[in-house]
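Please read them with the structure open.

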Protein chains: 2
Amino acid sequence: MRAVDIIRAKRDGGTLSAEQIEWMVGGIARGDVADYQWSALLMAILLKGMSGEETSALTMAMMRSGSIVDLSMFPGLKVDKHSTGGVGDKTSLILAPIAAAAGVPVPMVSGRGLGHTGGTLDKLESIPGFRTDLDLDGYRRVLRECGLVMIGQTAEIAPADKYLYGMRDATATVESIPLIAASIMSKKLAEGIDGLVLDVKTGNGAFMAKLEDARALAEAMCGIGRSMGKRITALITRMEQPLGLMVGNSLEVIESVECLNGGGPKDLMDLSLELAAEMVLLGGKAKSLEEARTTCRRVVDSGEALERFRRLVAAQGGDPTSLDDFSRLPTARSREDVVSPESGYVQRLAAWPIGHATMLLGAGRTRMDQGVDHAVGLCLQAKEGDFVKSGEPLCTLHYNDATRLTEAVAAVRSAFQIGPEPLSPADVIIDRLAD
Amino acid sequence: MRAVDIIRAKRDGGTLSAEQIEWMVGGIARGDVADYQWSALLMAILLKGMSGEETSALTMAMMRSGSIVDLSMFPGLKVDKHSTGGVGDKTSLILAPIAAAAGVPVPMVSGRGLGHTGGTLDKLESIPGFRTDLDLDGYRRVLRECGLVMIGQTAEIAPADKYLYGMRDATATVESIPLIAASIMSKKLAEGIDGLVLDVKTGNGAFMAKLEDARALAEAMCGIGRSMGKRITALITRMEQPLGLMVGNSLEVIESVECLNGGGPKDLMDLSLELAAEMVLLGGKAKSLEEARTTCRRVVDSGEALERFRRLVAAQGGDPTSLDDFSRLPTARSREDVVSPESGYVQRLAAWPIGHATMLLGAGRTRMDQGVDHAVGLCLQAKEGDFVKSGEPLCTLHYNDATRLTEAVAAVRSAFQIGPEPLSPADVIIDRLAD
C-alpha cells in the first residue's frame, strides 16, 4: 500500500477500505507515513466525508494503536458518560457517584478544560490532594474499591488520537464530524466499557453550535459504538445558557455536592439524574428508564451517592472532609458583582461569554500546557426566565488576580439580555437517540 | 498571521489575499510553517480551487523564493517556449535555433523526462560532451555568444517550487490546475524572459488527457503571465499520437537535425515552425504571424537555424560534428521490428504506450534519480491514416538490454489499431490563445 494512493482515493470522494485505514493509522507508529501525508488525508476527509463503515474502521484502528483496558475481571456491565463540553457542566461529578451507588461500575476517563469550556479533571483537582494521574493498575484498584474511578487519559490509550488531534489543531481539520466522532470513541472504547451515554451539547456554548451538526455527531458516535457491539445512548442537550449557577473549578465541586445532597439547581439536577438513569439502564440495573430514574433519585435521597463520592475522593488521595466543609476548598480572595442595568426578565444568558469570562479570571486556559486557578470563577444569580430588578446582582465574580477583571465583567454583562416579556426557560434535553 | 487561519479560509472556499499567500510561501524558508500545514493547504486548494488573482500571487511568491535572472543587459525581447510534455516532442531542439536565427534571444530552461514523457535535457545530453548544468554566469555567456542557451533548472530558481512539487507528489495534490500553472510559470518567469509561448498538450499521451482541462491550464498560465506584464501565447495541441517518428534521446536529436535541414516529418516540422513563428511575433521580430512564419521558413531554408544549433552545441561543450555524422551519437546495439498483424489503415496510434515502451527500453525513467540510456528508443514506420500491409513493420525498437523487450513490444503492438477505413490524420494544433 502507498499513502499517496489512499489520499487520492479519498480526495476523489471514494470510500477507503478498513485495511487502507488501518495501514494509514499503523503508519504513524511504523513511521512510513509522513506527517504531511496524514494532514493531506485529514483535509480530504474533512471536505469529502467518511461513511459510517469508514468512521468505525478509523475508530477501531485508533483504539488499537494503544492499550485496550481489560475490565472483564469486574462483574457487571461497565458504563461511562461522555459530554462534548459546555459551560458549568459538572454532571460527571454528580452522575458517576449516582450510577455507581445504583450498582453500575463507572470507569471514567475525562479531559481538561480548554477555551471557554471546563474539564472534569480540573474540577476534581480543586479538591485538596485529589490525583487524576493514576496508572492503569491504580485505575483498576479504585474501580474495585469504589465502584467508580475518575482519571485522565493515560499515554497508553489511543496514542494515534493524540498524534492526529495535535495535527488537526494546526491544519484546520478539527471540524469534521467523522474525525471528532472517531477521536472521542477511540478513547472511550479503549477504557474497557460495555456501555456509554453521550451528552452531545448544542448551542452558543457548545462545540456544535447547530442542532443538525450535534445530531449528526451523535448519530456518528452511536453508529461506531454499535458497530463494536457496545450499548450506546445519546442525549442531545441545550447549551445556550450555562448549566447550573456555578462556573469555575472549586465552585463547581461545591454545586455538585449540593446536588448530591439533594439540593442544587433544577436544570443541573434534572440533567444529571437523567444521564445517570440512562447509565443505570445501559448497565442492566433497571428494566425501564422510569425504574432507573426512581433508583437514581433513591440513592441521592438516601445519601448513598454522596457517600460513594466521598469514598472516591479518599481513594484518589483527596480530602473527603472538604466535601462537608467547603472552606477547605480553594477560595478566591475577592468578589465583584455585576448588577442588572434594568428591571425585567432575563431573555437570554449566553453560555459562551460566561465561559470566556471564567477563563479570563484564570479558571481556564487557552493552551493545554497552561495551569488553572482552582479557586476562581463566578456564581450566577439569575438565569433565563428569571425576573431581576435594576441594580440587583446578576452574577458574582470570584477572583484572585484583577488583571483581566474589567474584560471579564464586560463579557458577563454582554451575556445577559434583559427585556419586559416573561418567558419559560427552554428544556435542556432536546432529543434522545437510543437503540 | 497563522497558517491554521489561512488553511481554514481556503478549506471553507474563501479567497486568500496576496499577503496571506506570500506569508505561507515565505514560511517554507523561514521554517515557521510545518510540512503538514502546507500539505493540508495544498489539498484544500486542489478541492476548492484558486482564483486567477490567487494563482498569480502564488506564482509571484514562488518565483520570489529564489533568484530572478536579470537579462536586461541583452537587447531585444527574450522569449522562451514551454511544453506540458508528450511523446516524441522534440520541438524545443528545432524551434529554439529557428527563433534565435530570426533574431529573438532564447534563454531556455528545460526539464528531464519522467514516466512516458521525454525531456529536452536528456535529449541534448545524448550529444557527446553536451552540458546542461551551466550556472547563471554560463547561462548568460552562452546566450550572449549564440543568441540562445538551453540549460536545466538551477538550485537558485524557485526553490519553493521544488519543495512544493515534492510534497504534491506524495500527497495526491499534483492534479490541480492552479498549482500546475503556478509551478510552471514561477520557474519560467524567473528566467528573465519577456515573452513565453506555451504548448499545452492534450490527449492520451499528455498530462492533460481532456481538452477542457488543457484549455483551463492554458488560460490559467496566460492569466498569470499577463498579470506580470509578460507577453504570452498558448497553442493547445493534440498529443493523441507521438509527434514525428522517432522517440528516444539520440534518435530525437537526429530527427531534429533532419527538420533543421528542411526534412523531417510534416507534423513535427509544422508544429515547430508554428511555435517558432509565435516566438518571433512575441519577440517583436515580425509584424504579423504570417510574416513570422515566412521568416522562420527562410532561416531553415538558408541553413542559418541549423548553424545556430551547431554553435549552441559547441558553446555548451558538445561535439558539433555529431550533427553531421550521426554515427558519433550513441547508437543501440540491437533492433527489433514490430510488424502489422493485418493490412489496413492505422486508425489510432496511442502515444502513451509508445512512450511507455520507450521508457521500458531504458530511454526514460520512473523516478527522478534514475539515469537514462541515450541510445535506445524506437522509430515509427506508420502513423495515423497511413496504409500498412500485413507483415510489414509498424515500428523498429532500438535496444541494448533485452530484459523488458517483450513488454515493450507488447506495448507498441497495443498502441496500433488497424482498420479498413481510410482516414485523414487530425490537425495537431487545436486552438490558439493570444492577447
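1. B:D122 and B:R365 form a salt bridge, with the closest N and O atoms 3.0 Å apart. (A salt bridge here is a side-chain nitrogen of Lys or Arg within 4 Å of a carboxyl oxygen of Asp or Glu.) B:D122 lies in helix 6 (residues 120-124) of chain B, and B:R365 in the loop between helix 15 (351-361) and strand 9 (377-380) of chain B, so the pair ties together parts that are 243 residues apart in sequence. Helices (H or I, at least four residues) and strands (E, at least two) are DSSP runs, numbered from the N terminus. B:D122 is buried at 3% relative accessible area, and B:R365 is buried at 4%. Buried means under 20% relative accessible area, exposed over 50%, and partly exposed in between (1.4 Å probe, protein chains only).

2. A word on the basis. This is a predicted model: local features need pLDDT of at least 70, side-chain atom pairs count only at pLDDT 80 or more, and totals for chains, interfaces and linings use all residues. Residues are numbered from 1 along each chain as its sequence is written, chains are lettered from A and ligands numbered from 1 in the order in which they are written, and side-chain values use heavy atoms, with hydrogens and water left out.

3. Two other salt bridges in chain B have partners that are partly exposed. B:R30 meets B:D32 at 3.1 Å, N to O. B:R30 has 43% relative accessibility and counts as partly exposed; B:D32, at 42%, is also partly exposed. B:E304 meets B:R298 at 4.0 Å, N to O. B:E304 is partly exposed at 36%, and B:R298 is partly exposed at 46%. Over all chains, the structure holds 72 salt bridges.

4. B:L312 has a relative accessible area of 0%, so it is buried. Leaving aside neighbours within four places in sequence, B:L312 is in contact (heavy atoms within 4.5 Å) with B:F130, B:V142, B:C146, B:L148, B:V149 and B:M150.

5. B:T59 sits in helix 4 (residues 52-64) of chain B. B:T59 counts as buried, at 0% relative accessibility. Not counting residues up to four places away in sequence, B:T59 touches B:A182, B:M185, B:S186, B:L189, B:I224 and B:M228.

6. Now the pairing of the chains. Chain B can be laid on chain A with an RMSD of 0.0 Å, by a turn of 180 degrees and a shift of 0.0 Å along the axis. The two copies are thus related as by a two-fold rotation axis. In chain B, the C-alpha nearest the axis is that of B:Y36, 1.9 Å from it. The same surface serves both copies, since 100% of the contact residues of chain B recur in chain A. The superposition is by least squares on the C-alpha atoms of residues with pLDDT of at least 70 in both copies.

7. How much area is buried between chain B and chain A? About 1800 Å², of which carbon and sulfur atoms give 71%. (Buried area is the accessible area, 1.4 Å probe, that two parts lose on being put together, summed over both.) B:R11, B:Y36 and B:L47 supply 33% of the area that chain B buries against chain A, more than any other three residues. The contact takes 21 residues from chain B and 21 residues from chain A.

8. Charge also crosses the interface. Between chain B and chain A there are 4 salt bridges. In one salt bridge, A:E175 pairs with B:R11, the closest N and O atoms being 2.7 Å apart.

9. Last, a sheet in chain A. It is open, has 3 strands in the order 10-8-12, and pairs antiparallel. The edge strands are strand 10 (387-388) and strand 12 (416-419), each pairing on one side only. Two strands pair if DSSP finds at least two bridges between them. Strand 8 (residues 344-349) of chain A pairs with strand 12 of chain A over 4 bridges. A:V346 has A:I418 as its bridge partner in strand 12.
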